[in-house]
Amino acid sequence: MVDLSVNLAGVTLKNPIIPASGTFGYGREYAGLYDLNILGSFSWKGTTKEARLGNPQPRIAEAPAGMLNAVGLQNPGIDAVIAEEVPNIAGIFHGPVIANVGGFTLEEYAENCRKLDNVEQAAILEVNISCPNVHAGGKNFGCDPRAAAEVTRAVRAATKKPVFMKLTPNVADITEIARACAGEGADGLCLINTLLGMRIDLNTRRPVIANRTGGLSGPAVLPVALRMVWDVYEAVKLPIIGCGGVDSAETAVEMMLAGASAVEVGAANLRNPYACKEIIEDLPAVCGRLGVTHISKLTGGAHL
């Protein structure tokens, strides 16, 4: 019998598999397909202060071994999520939920986290610092160690819940950003977000995506994600949620060996809505082949 439970900054999950933000909505889209309570948790759709319609279409494009998206944080806004989506989540999923939070100013990040502080089922706040800072010329908070530290400090002061900062890979040194977040009180880190990319339509000779660029996800990014999880695991002593290209029990275990305590599954859900269910069902057999009885023991297992 394999114990699949893991711990994230004091929050116990029955297994390490978490559908990633932006690929699972607020749960209702998948609740009719299988019992969501088999999941360790799920990260709800990135939520901002105000409702957002997102970017113009087309905003999704296929890519070799992956996909590009520039959805633009479409969501109904934090107040509507708390009033309407949270009660619905309580009816379909009984475990701890990860609340993905976006923001365009320090004040917005802090306000959103403050409002979620009293939402019992939102056990972890996953703060997406890939959003543009409107007071710094649109530069992403997560690309600058100082800005990443400021967001971490602001949200840490606004909530008693565990705060996991979600890091962008579009930086020269992700460990520098990780250290900045750790230094301001982050309880954990989630990495990676999508890699910036684009496609061009040969017929129109224009970018396929209306926004020109989008975030690359899917199997193509797995090697990059693994390397960054590895580097951050060595740089800071915080639990890591590994994300990027995971689509099987084997790649989930690979992510844990690199240093992740839990694993988010993103683009695989869009290709196969049963992806997380199948990964969870396959994990005991993979652990059995490796002679592992407690999956948490895999975390960092590839490091000397």
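Predicted model: local features only at pLDDT ≥ 70, side-chain atom pairs only at ≥ 80, totals over all residues.
**Entry 1: the whole chain**

Next I counted the secondary structure, and I got nine helices and 15 strands in the chain. I then checked the radius of gyration, which is 18 Å. The globule rule gives 19 Å for 304 residues, and the two values are close, so I wrote down that the chain is as compact as a globular protein of that length. Along its principal axes, the C-alpha trace spans about 50 × 50 × 40 Å.

I also looked at contacts with a separation of 6 or more, and 71% of them are between residues 24 or more positions apart. For the surface, I noted that the chain exposes about 12900 Å². Carbon and sulfur atoms supply 52% of that area.

**Entry 2: charges and salt bridges**

I turned to the charges and found 26 positive and 30 negative ones. Their mean positions are 4 Å apart. How many salt bridges does the structure hold? I found twelve, and I picked a few to follow up.

My opening pick was D79 with K115, whose side chains meet at 2.9 Å, N to O. This pair links distant parts of the chain, since D79 sits in helix α2 (residues 78-92) and K115 in helix α3 (residues 106-116), 36 residues apart. I checked how open each one is: D79 has 47% relative accessibility, so I filed D79 as partly exposed. K115 has 29%, so K115 is partly exposed too. I also saw that this pair belongs to a network of salt bridges that links K49, D79, E111 and K115.

**Entry 3: a pair between two loops**

Next I looked at K160 and D117, which meet in a salt bridge of 2.9 Å, N to O. K160 is in the loop between α4 (145-158) and β8 (163-166), and D117 is in the loop between α3 and β7 (122-128). The two are 43 residues apart, and the pair links distant parts of the chain.

Is D117 buried or exposed? I found a relative accessible area of 16%, and because buried means under 20%, D117 is buried. K160 is exposed, with 71%.

**Entry 4: a loop and a helix**

I then followed E184 and R153, whose salt bridge is 3.0 Å, N to O. E184 lies in the loop between α5 (174-183) and β9 (188-191), while R153 lies in helix α4, so the pair ties together parts that are 31 residues apart in sequence. I noted 26% relative accessible area for E184, which is partly exposed. R153 is also partly exposed, at 42%.

**Entry 5: a look at I240**

I240 lies in strand β14 (residues 240-243). I found 0% relative accessibility for I240, so it counts as buried.

Which residues is I240 in contact with, leaving aside its neighbours within four places in sequence? My list reads L189, L191, V229, V232, Y233, G259, A260, S261 and A262.

Notes: Residues numbered from 1 in each chain as written. Heavy atoms only, no water. Salt bridge = Lys/Arg side-chain N within 4 Å of Asp/Glu carboxyl O. Helix = DSSP H or I, 4+ residues; strand = E, 2+ residues; numbered from the N terminus. Buried < 20%, exposed > 50% of the residue type's maximum accessible area, 1.4 Å probe, protein only. Rg over C-alpha atoms; globule rule 2.2 N^0.38 Å. Contact = heavy atoms within 4.5 Å. Areas by Shrake-Rupley, 256 points an atom, 1.4 Å probe, with all protein chains shown as cover. Lys, Arg positive; Asp, Glu negative; His and termini not counted. Charge placed at Lys NZ, Arg CZ, Asp CG, Glu CD.
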